[in-house]
Amino acid sequence: MTTGVNNNSALDGMYWDNGKKTPDKNNGALTQADFFALLTQQLAYQDPTKPVENDQMIAQMTNFTMADGIGSLNESFKGLAQSMTSNQALQASSLVGRTVLTQSDEIVFTGETLSRGNIELDKAATLMKVRIENEKGELVQSFSVENPQVGKNEFIWDGTYMPSGAGSAAEVDGEVSDRVKAGVYKVKVDVSYADGTNASLPVNVYTPVGSVSLNGQGGSIMLNLLGLGQVKLSDVLEVSYS
């Protein structure tokens with residue numbers, strides 16, 4: 001009986017490697033070693049009667065050095081951007097529990113604190129009227145300001161309703177109250193200018209910050225405002241303690 005044993009050392013190590021290949025960390029990009037290998041091959045196979053000029057050789061090396069430097073610079077900027085985003089997120093987290101001023105056509109009444117906002121006038125006006133409406137578009141409260149000042153005009157609403165306004169029978173904890181329920185209300189501003197023209201103006205309102213979100217890697221910082229949803233940190237006009 002013959003045993004099939006192959007002692008031929010020439011066959012040692014000859015087998016299929018089914019292991020996983022090491023992933024290419026460069027993703028196919030040419031490295032400095034690749035460049036010098038190509039340069040060496042170029043020099044080896046050049047026509048001896050027409051060698052590469054010195055200025056061409058220097059130009060090739062300069063172009064590669066510039067490309068390699070730009071790549072390194074991009075990586076540095078990427079790291080800097082990530083660091084800045086982390087710092088912004090840390091700073092934004094300190095706004096939780098604070099109140100910020102943003103532009104919105106809605107205002108939040110918490111039932112415990114005053115609702116505040118302001119309107120910016122860019123020219124003289126004779127009358128400015130503020131309307132606060134519920135979700136159905138029904139008038140809840142309104143107030144007017146004669147001859148408002150040019151610039152910032154602040155207003156405060158304590159949640160009270162007009163005697164004849166919609167929702168005047170607001171019920172809180174089973175009892176009739178002279179204030180509306182806590183919630184989100186529409187706010188509209190109409191102004192009559194001194195030159196006889198009329199316009200509807202945007203409103204800036206103060207709203208509490210509930211939390212902070214970071215939208216993905218390198219994403220923008222978002223503040224989650226009570227009742228109003230998300231706004232960008234860059235859209236905040238002012239920060240207040242109350």
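Predicted model: local features only at pLDDT ≥ 70, side-chain atom pairs only at ≥ 80, totals over all residues.
Which residue lies over the face of Y193? I looked it up and found K123, at 4.5 Å from the ring centre.

**Entry 1: the chain overall**

I counted two helices and 14 strands in the chain. Of its 242 residues, 26% are buried. I then checked contacts between residues at least 6 apart in sequence, and 61% of them join residues at least 24 apart. The accessible surface came out at about 16,600 Å², with 52% of that belonging to carbon and sulfur atoms.

**Entry 2: around β4**

I went back to Y193, and found that this residue is the bridge partner of A125. The strands involved are β4 (residues 125-133) and β9 (residues 183-193), which pair in the antiparallel sense over eight bridges. β4 also pairs with β5 (residues 139-146), again antiparallel, over seven bridges. In that pairing I found I132 opposite Q141. I looked at the turn as well: the β4-β5 hairpin has five residues between the strands, and G137 there takes a positive phi near 85°.

**Entry 3: around β11**

Which strands does β11 pair with? I found β1, β3 and β12. β1 (residues 99-103) runs antiparallel to β11 (residues 204-214), with five bridges between them, and V100 has T207 as its bridge partner. β3 (residues 115-121) is joined to β11 by two bridges, also antiparallel; here G117 stands opposite V205. β12 (residues 221-225) is antiparallel to β11 too, over five bridges, and S213 faces M222 across that pairing.

I spotted another charge over a ring while I was here. R116 lies over the face of Y206, at 4.0 Å from the ring centre.

Leaving out residues up to four places away in sequence, I listed what Y185 touches: D105, E106, I107, F109, I132, E133, N134, V140, W157 and V180.

**Entry 4: aromatic pairs**

How many aromatic pairs does a search of the whole structure find? I got three. One of them is F143 with F155, a tilted pair at 6.0 Å centre to centre and 45° between the planes. F143 sits in β5 and F155 in β6, twelve residues apart, and the pair links distant parts of the chain.

Next I checked W157 and Y185, which form an edge-to-face pair at 5.4 Å centre to centre and 80° between the planes. W157 lies in β6 and Y185 in β9, so this pair ties together parts that are 28 residues apart in sequence. Burial is defined as under 20% relative accessible area, so W157 at 1% counts as buried, and so does Y185 at 10%.

Key: Residues numbered from 1 in each chain as written. Heavy atoms only, no water. Pairing = 2+ DSSP bridges. Helix = DSSP H or I, 4+ residues; strand = E, 2+ residues; numbered from the N terminus. Buried < 20%, exposed > 50% of the residue type's maximum accessible area, 1.4 Å probe, protein only. Contact = heavy atoms within 4.5 Å. Areas by Shrake-Rupley, 256 points an atom, 1.4 Å probe, with all protein chains shown as cover. Phe/Tyr/Trp six-rings, centres within 6.5 Å; stacked < 30°, edge-to-face > 60°. Lys NZ or Arg CZ within 6 Å of the ring centre and 35° of its normal.
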